[in-house]
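This report describes how the parts of one protein model are arranged. Please look through the sequence and the structure before reading on.

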Amino acid sequence: MDIDALAALAANTIVAAAVTDAFEGLRAKVARVFGRDKPDPAIERRLEGTRRQLATASPGDLESSQVTQARQWETRFADLLADYPEAAGELRGLLAEFRASTPQTGGNVTNMVSGTIHNGPVLMGRDFGDITIGSPDSKSGG
């Protein structure tokens, strides 16, 4: 992975994680990468600022805020990697560790339907394969 792609991946990871519980651990590790194995207080403040901005963005402004934050972090990571090429390995390791420790599913969801159902079944779910609703005879129109 080239430096620009690594910087973009790291930036997008920061933005995606900013409003999750996993952010605290990631924040500390990123600050250590920037601080060259010591926490960088300025980066910690910027990371917290990113979190605050994304957490308080209105739904209409969230996507724009995410794009802005990702661009800023991509520039910061690119600058870090230009100044300290050896940080690329550390950053790759950090991102791999973060991906491995972060669930890739949305979790468990429970849906309930209450009330009266008219004119057929109700389906709720995420993934549906081949399904048939009603009896096979109902397709013949009779």
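Ser-65 counts as buried because its relative accessibility is 11%. Leaving aside neighbours within four places in sequence, Ser-65 is in contact with Gln-53, Leu-54 and Ala-57.

The length of α4 can also be checked. The expected span is 1.5 Å times one less than the number of residues, so the 25 residues of α4 should span 36 Å, and the end C-alpha atoms, 37 Å apart, agree with this.

## Basis of the model

The model is predicted: local features need pLDDT of at least 70, side-chain atom pairs count only at pLDDT 80 or more, and totals for chains, interfaces and linings use all residues. Residues are numbered from 1 along each chain as its sequence is written, and side-chain values use heavy atoms, with hydrogens and water left out.

## Overall composition

The protein has five helices and zero strands; these are DSSP runs numbered from the N terminus (helices H or I, at least four residues; strands E, at least two). Of the 142 residues in the protein, 26% are buried. Among contacts between residues at least 6 apart in sequence, 61% join residues at least 24 apart.

## Helix α1 against helix α4

Helix α1 (residues 3-17) and helix α4 (residues 59-83) pack at an angle of about 135°, and their axes are 8 Å apart. Axes are lines fitted to C-alpha atoms, for helices over the stretch in contact, and angles run from 0 to 180 degrees between N-to-C directions. The angle therefore makes α1 oblique to α4 (under 35 degrees is roughly parallel, over 145 roughly antiparallel, 65 to 115 roughly perpendicular and the rest oblique).

The residues of this contact between α1 and α4 comprise 13 nonpolar, three polar and two charged. Here Ala, Val, Leu, Ile, Met, Phe, Trp, Tyr, Cys and Pro count as nonpolar, Asp, Glu, Lys and Arg as charged, and the others, Gly among them, as polar. Among those taking part are Ile-3 and Leu-6 in α1, and Trp-73 and Phe-77 in α4.

## Helix α2 against helix α3

The axes of α2 and α3 come within 9 Å and cross at roughly 145°. The residues of the contact of α2 with α3 divide into six nonpolar, no polar and five charged.

Conventions
Contact means heavy atoms within 4.5 Å. Buried means under 20% relative accessible area, exposed over 50%, partly exposed in between (1.4 Å probe, protein chains only).
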